[in-house]
Amino acid sequence: MVLISSTRENSYPTELILLGTGTSSSLPHLDCLTASQTLKPPCQTCLSTLTPQGKKNIRRNTSAAIRMRAADGRSVTIVIDAGKNFQAAALEWFPKYGLRRIDALLITHAHADAMNGLDDLRGWTLCGAIQPHIDVYASQDTYTEVQRSFPYLVSKEFASGGGDVPEFKWHIIYDKTPFEIGDTGIRITPFAVQHGRIFTAAPAVACIPTPASTVPSSPKIEEATLPIKQPQVANGVKMNRALDIIQPYMCFGFKIQDQIAYISDVSHIPEDAWSLLESLSVLILDCLRLRSHTSHFGLEDSLRAARRINASRTYWTGFGHEVSHDEYITLGEMVEGINKDFTRLTEMEKRGMELIEEGKKIWVRPGHDGLRVFVKDGLVRDESY
């Protein structure tokens, strides 16, 4: 293991770029842009994306790039998630910010908005266009789902057509077990959080070899307490259901070099994960909408977590279309203790204000696609606030 000296670590800023900040459906919604105003009130958040003023309401699937220095001084780029519209995000932000090589791809979970852009990474590895392969870090469960959904991405004998597929090296990672990105000295700690529920068991996949694990064994994942699903009864006979107990669906958050925590998809943070989230410079945190959701934090949940973690700066991500970027700014300013003229608030801001409980004043703002955040010597700055 190569250790990073404090002198080297503080010589360069760590740079975080939000490649996407929208939930799985992204923004704008097609149904909003094509709806007749006689059928339902227009969605102002989605409609605003048609104007220059509403650009920050264009929200692709949650994803981020982190650029930092290795122990030997070279630049390292770590990407978190490659969802359904990762290609479009990369085409916009990689050239603009001088990103090119991907030294590591971290996958939070196996939903489409986190992994369905994996195939697009052939643009990096096909014929060695940028690099010979990409190192991908994921849980065993996520790897199994990639086997099921895209078998050719883990075993080329399943490729068809011309066989032009991306080249990956897979690494299995585990809850609360730190790992190093190659020989860079950069350490990542994955930690499992709950992201909704599993309602049915998936069928087994064909046998495909699992890559060598980054660590030899997997610690037990804490499961949040969930209600028991009662067996169905027909004609007085209990039905033998495959899943009478609803299980939590677990997703990874990531802690990077004790500076940044990224939690894009969460409905519950297990108690044993909180100790990892102390003394952070930057927290990227899920906030789907005002109300809570089965698989995401709403405003109240997100604020409780942000106040408990108390990072220097917290940026919301994972938005739906109910609340606009500007409305989230207003709500964030209220949390910070900045007074607002109630008569000038939108209805959504008034509803949000009712959900902001009394508590610690913290700095929190909405992230947006393309936001750049810099961390150096514990100080945080960004290009939007």
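A cavity is a set of points, on a 1 Å grid over the protein atoms alone, where a 1.4 Å probe fits but cannot get out. The second largest cavity here holds about 30 Å³ of space. A volume is the space filled by probe spheres set on the points, with grid points joined across faces, edges and corners. The model is predicted: local features need pLDDT of at least 70, side-chain atom pairs count only at pLDDT 80 or more, and totals for chains, interfaces and linings use all residues. Residues are numbered from 1 along each chain as its sequence is written, and side-chain values use heavy atoms, with hydrogens and water left out.

**Overall fold**

- The protein chain has ten helices and 17 strands. Helices (H or I, at least four residues) and strands (E, at least two) are DSSP runs, numbered from the N terminus.
- Of the 385 residues in the protein chain, 54% count as buried. Buried means under 20% relative accessible area, exposed means over 50%, and partly exposed lies in between (1.4 Å probe, protein chains only).
- The accessible surface of the protein chain comes to about 17,800 Å². Carbon and sulfur atoms account for 51% of that surface. The areas come from the Shrake-Rupley method with a 1.4 Å probe; for residues, only the protein chains shown count as cover.
- Take contacts between residues at least 6 apart in sequence: 72% of them join residues at least 24 apart. Contact means heavy atoms within 4.5 Å.

**Nonpolar cores**

- A nonpolar core is a set of buried Ala, Val, Leu, Ile, Met, Phe, Trp, Tyr and Cys residues joined through side-chain atoms within 4.5 Å.
- The largest nonpolar core has 35 residues. Ile-263, Ile-269, Leu-277, Leu-299 and Trp-316 touch the most other members.
- Strand 8 (187–198), strand 12 (260–263), strand 13 (282–286), helix 8 (299–309) and helix 9 (325–336) each supply at least two residues of this core. Helix 8 gives the largest share, five residues.
- Leaving out residues up to four places away in sequence, Trp-316 touches several residues, among them Leu-285, Cys-287, Leu-299, Leu-303, Tyr-328 and Pro-366.

**Cysteines**

- The structure holds zero disulfides. A disulfide is a pair of cysteine sulfur atoms within 2.5 Å.
- Cys-251 counts as buried because its relative accessibility is 1%. Cys-287 counts as buried at 0%.

**Pocket and cavities**

- A pocket is an open set of points with protein on both sides within 12 Å along at least five of seven lines, and lining residues have an atom within 4 Å of a point.
- The second largest pocket holds about 340 Å³ of space. Its lining has 21 residues, of which Gln-44, Thr-45, Glu-322, Ser-324 and Glu-327 lie nearest its centre.
- Helix 3 (44–48), helix 9 and helix 10 (347–355) each supply at least two residues of that pocket's lining.
- There are two cavities of 30 Å³ or more.
- The second largest cavity is lined by Leu-19, Gly-20, Arg-60, Asn-61, Ser-63, Gly-83, Asn-85, Phe-86 and Ala-89. Strand 1 (14–20) and helix 4 (86–97) each supply at least two of its lining residues.

- Helix 7 spans residues 140–149. Thr-142, Tyr-143, Thr-144, Val-146 and Gln-147 are buried in it.
- Cover for the buried residues of helix 7 includes helix 5 (112–115), strand 5 (134–138) and strand 6 (168–172).
- Thr-77 is found in strand 3 (residues 75–80). Its relative accessibility is 6%, so Thr-77 counts as buried.
- Not counting residues up to four places away in sequence, Thr-77 touches Ile-66, Arg-67, Leu-99, Arg-101, Ile-102, Asp-103 and Ala-104.

**Loops and backbone**

- The peptide bond from Leu-27 to Pro-28 is cis, with omega near 0 degrees. Pro-28 lies in the loop between strand 1 and helix 2 (30–34).
- The loop between strand 6 and strand 7 (179–180) holds Tyr-174. Tyr-174 is buried, with a relative accessible area of 10%.
- Tyr-174 and Phe-191 are 17 residues apart in sequence and 7.8 Å apart in space, C-alpha to C-alpha.
- Lys-176 is found in the loop between strand 6 and strand 7. Lys-176 is not a glycine, yet its phi is positive, near 60 degrees. Lys-176 is partly exposed at 27% relative accessible area.
- Asp-258 has a positive phi of about 60 degrees although it is not a glycine. Asp-258 is found in the loop between strand 11 (247–256) and strand 12, and is exposed at 53% relative accessible area.
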